[in-house]
Amino acid sequence: MADKKTALVLGATGLIGSHLLSLLLEDKRYSLVRVLVRKPLPIQHANLQQITANFDTLSAYKNSFAVDDVFCCLGTTIKKAGSQEAFYKVDATYPYEAARLAKEKEARQYLIVTAMGADKNSRIFYNRVKGEVEEKIAGLNFPAFHMLHPSLLMGERNEKRTGEQIGQAVMGTLGFLMVGPLKKYKAIEGSTVAKAMLNIANQNLSGMHIYESDQLQELGK
Ligand SMILES: NC(=O)c1ccc[n+]([C@@H]2O[C@H](COP(=O)([O-])OP(=O)(O)OC[C@H]3O[C@@H](n4cnc5c(N)ncnc54)[C@H](OP(=O)(O)O)[C@@H]3O)[C@@H](O)[C@H]2O)c1
């Protein structure tokens, strides 16, 4: 068997990140799964290494970025963050800084979950931030850079997000209408995105790739 890989997960406590972490810990192709977290997770596993970090000073943990594959599932909402600036920090500044450090440490793959509609020229702030972070990371020229564009995420959360809950309810009722070219708008389970993310990493492709939500549905089956 080829050498086993090492992984770093950012956002391992979130909806997608927590599913991804479980999958990575079960995946025999990985010998080490490191997470950078604000608060340690209440789990133990022989392959798991937890680093408690302050994300405002990521360079203080630069050695943690010396892995094969970096998975970025960080994110917040403008409401939760409190301002557009605070949102930008979590959804763009931290992911880019992490990518910069990972490139310095010669990581091979960087995978990031942004969102459907990510576009640096968008008039919608959220989509523009997602597009900007992708463009900045693309400029680092990783051997492989994967951008995941899920639609509305479904799955259990500890917190209440009214807008998303309404979206999920509507999608639950009308999701069957999302066929053909509309498939990429259909809501997707966080667990499916996590599975797709891991499958993408294990394809060991080179170059830059964007995955729309309908592709993620397929890849995460
Ligand atoms: N919600 C949707 O419908 C939707 C749709 C498309 C794309 N997306 C995007 O998909 C990505 C993953 O979404 P998700 O729902 O899985 O995320 P989530 O459940 O909200 O988890 C977010 C992760 O980011 C971390 N985080 C948030 N603020 C932080 C901070 N200030 N410092 C350090 N870490 C911080 C959280 O850590 P803590 O546990 O420490 O807070 C958590 O691990 C996000 O980029 C999101 O924008 C979401």
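How far does a polar side-chain atom of tyrosine 126 lie from an oxygen atom of the ligand, and what is that distance in Å? In this predicted model, a polar side-chain atom of tyrosine 126 lies 3.1 Å from an oxygen atom of the ligand, a polar contact being a pair of N or O atoms within 3.5 Å, where within protein one must be able to donate a hydrogen and the other to accept it, and residues adjacent in sequence count only if both atoms are side-chain atoms. Local features need pLDDT of at least 70 and side-chain atom pairs count only at pLDDT 80 or more, while totals for chains, interfaces and linings use all residues. Residues are numbered from 1 along each chain as its sequence is written, and side-chain values use heavy atoms, with hydrogens and water left out.

**Ligand surroundings**

- The ligand is surrounded by 26 residues (a heavy atom within 4 Å), and the closest are Thr13, Leu15, Arg38, Leu74 and Arg157.
- A polar side-chain atom of threonine 13 lies 2.5 Å from an oxygen atom of the ligand, whereas for glycine 75 a backbone N or O atom lies 3.3 Å from a ligand oxygen atom.
- Of the 920 Å² of accessible area that the ligand has on its own, the protein covers 86% (Shrake-Rupley method, 1.4 Å probe).
- Helix 1 (15-26), helix 3 (84-104) and helix 4 (125-138) are the elements that give two or more residues to the shell (helices are DSSP runs of H or I with at least four residues, strands runs of E with at least two, numbered from the N terminus), and helix 3 contributes the largest share, three residues.

**Histidine 146**

- Histidine 146, in strand 6 (residues 144-149), counts as buried because its relative accessibility is 0% (buried is under 20%, exposed over 50%, partly exposed in between, with a 1.4 Å probe and protein chains only).
- The side chain of histidine 146 makes a polar contact of 3.0 Å with the side chain of glutamine 109.

**Aromatic pairs**

- The whole structure holds six aromatic pairs (ring centres of Phe, Tyr and the six-membered ring of Trp within 6.5 Å; planes under 30 degrees apart are stacked, over 60 edge-to-face, the rest tilted).
- Tyrosine 110 and phenylalanine 145 form a tilted pair, at 6.3 Å centre to centre and 50 degrees between the planes, which links strand 5 (residues 109-113) to strand 6 across 35 residues.
- Tyrosine 110 is buried at 0% relative accessible area, and phenylalanine 145 also counts as buried, at 1%.
- Phe87, Phe125 and Tyr126 are linked by ring pairs into a cluster.
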